[in-house]
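Trainee: I would like to learn how to read side-chain and helix features in a model. Where do we start?

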Amino acid sequence: MTDTIMNSKPATEVRRPVGAAERLKKRYAAERRFRLYGLCSIFAAGLMLVFLVGSIAGTGWSAFLQTYVQLEIHFDPEYLDPAGTGDPAQLKSADYGGLMKKNLRNNFPEVSGRSDKRKLYSFISPNAGFDLRTKLIDDPSLVGTTRTLWIKASDDIDMLTKGYVDRTVPESDRRVTDKELVWYDKLDNAGGIEIRFNTDFFLKADSREPEEAGILGAVTGSVLTLLITLLLSFPVGVMAAIYLEEFAPKNRWTDLIEVNINNLAAVPSIVFGLLGLAMFLNFFGFPRSAPLVGGMVLALMTLPTIIIAARSALKAVPPSIREAALGLGASPLQVVTHHVLPLAMPGILTGTIIGMAQALGETAPLLMIGMIAFIVDVPGGFTDPATVLPVQIYLWADSPERAFVERTSAAIMVLLTFLIFMNFVAVLLRKKFERRW
């Protein structure tokens, strides 16, 4: 009897059907393959992300640097103040372009001929005369003196310094001629070529000249536009979510509204641009290419996202909070404003920040309302002509100059930095104020 019990198999093994071990082994193998597929997908996505960011950074990092040329500059009174009056108005309207050309000829006396002189004049930035004007207005005592100054080089010379011009190709296949290479080597051997941090990229607005173009105007326009978007979409979206979730009766009309809100969240952004063009510009006559109109269009686009996020946050608050407040005598409005809304606010803020980050990267709706204009001034208000950072990137990407290619990538880096920062703030808010019920 004892031998029979010891030699008998376990009950589970006896009841296992024939082939169960093989099927179990196949299921475990399938699970391992599924995990492997998931890891491979994550690795592939991470690799593509690294490649994308690396290609952008590899192209755009040089835009944060700018080439300068050292020249002897004589502030000739013949160009600045021929009458010798010392009138500040005369200094503002002086011929700084002619002054800059004369100083270039003095620094390169061997250059002769009209064609060579034109090449010499293009060796430095066309706006170098404005820099001399600013320096002289700040210090009028420079008239009649000679100073050694660092002058901003042109975009072609800047590309040559950064290694984007191949000297080995024939002269007809590059933008820098052989004579310009000789002048460049002469200055470089004498220590007259220097690369500095390009502060103008952050402190100036757009320009036709790549070496003068900056993102300050676009960043200011983006801030003003997002401020209008936030002021319009956040209170309207939160109040709409509160009404639909807490007070609205459940009937066909509210169901229809909810369906439309969900559909609006999936509508292509250019449709909102067409709506803004038809309503805000053509019907109401608001100023074209203004942060006010851009903010209103982006508010329409962001509103469904905020409503959906706010409703989800309100649903996450346990019903016991509402029941306890009502049991203590609070009115339905007090229940929402004093208890439910404060507890749901972290989720609402997280959804709002994500919606604002989405609005920051939008281009199509703003193109439809005219924010693609070439703006050289930094906007000072909500009704001034302006552009935004994504549109600025689009404009630079369409420019033929090689120097605008690096500035396009640099502006993308700045935009990605803002987007990552906004999403990081959203994650911090969710981690800090999130409550588990």
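Mentor: Start with a definition. A charge sits over a ring if NZ of Lys or CZ of Arg is within 6 Å of the ring centre and within 35 degrees of the ring normal. Keep in mind that this is a predicted model.

Trainee: Which residue lies over the face of Y68?

Mentor: R196 does, at 5.2 Å from the ring centre. There is another case: R402 has its charged end over the ring of Y164, 4.1 Å from the centre of that ring.

Trainee: How do I read two rings together?

Mentor: A pair of aromatic rings is described by two quantities, the distance of the centres and the angle of the planes.

Trainee: How many aromatic pairs does the structure hold?

Mentor: There are 11 aromatic pairs. Take F108 and W183: the ring centres are 6.2 Å apart and the planes meet at 50°, so this pair is tilted. Planes under 30 degrees apart would count as stacked, and over 60 as edge-to-face.

Trainee: Which parts does the pair of F108 and W183 tie together?

Mentor: F108 is in the loop between α6 (96-107) and α7 (114-121), while W183 belongs to helix α10 (residues 178-189), so the pair links parts that are 75 residues apart in sequence.

Trainee: Is F108 buried or exposed?

Mentor: F108 counts as buried, because its relative accessibility is 2%. W183 is also buried, at 6%. The cut-off for buried is under 20%.

Trainee: What does a stacked pair look like here?

Mentor: Look at F284 and F286. Their centres are 6.0 Å apart, with 20° between the planes. F284 counts as partly exposed at 47% relative accessibility. F286 is partly exposed too, at 31%.

Trainee: Which residues form one aromatic cluster?

Mentor: F64, F197, F201, F202, W396 and F404 do.

Trainee: Where does α17 bend?

Mentor: At L341, by about 50°. A proline, P342, follows within four residues.

Trainee: And T302, which residues does it touch?

Mentor: Setting aside residues up to four places away in sequence, T302 touches T229, G355, M356 and A359. T302 itself lies in helix α15 (residues 291-316). It counts as buried, because its relative accessibility is 1%.

How values were computed
Residues numbered from 1 in each chain as written. Predicted model: local features only at pLDDT ≥ 70, side-chain atom pairs only at ≥ 80, totals over all residues. Heavy atoms only, no water. Bend = angle between axes of the 7 residues up to and from the residue. Helix = DSSP H or I, 4+ residues; strand = E, 2+ residues; numbered from the N terminus. Buried < 20%, exposed > 50% of the residue type's maximum accessible area, 1.4 Å probe, protein only. Contact = heavy atoms within 4.5 Å. Phe/Tyr/Trp six-rings, centres within 6.5 Å; stacked < 30°, edge-to-face > 60°.
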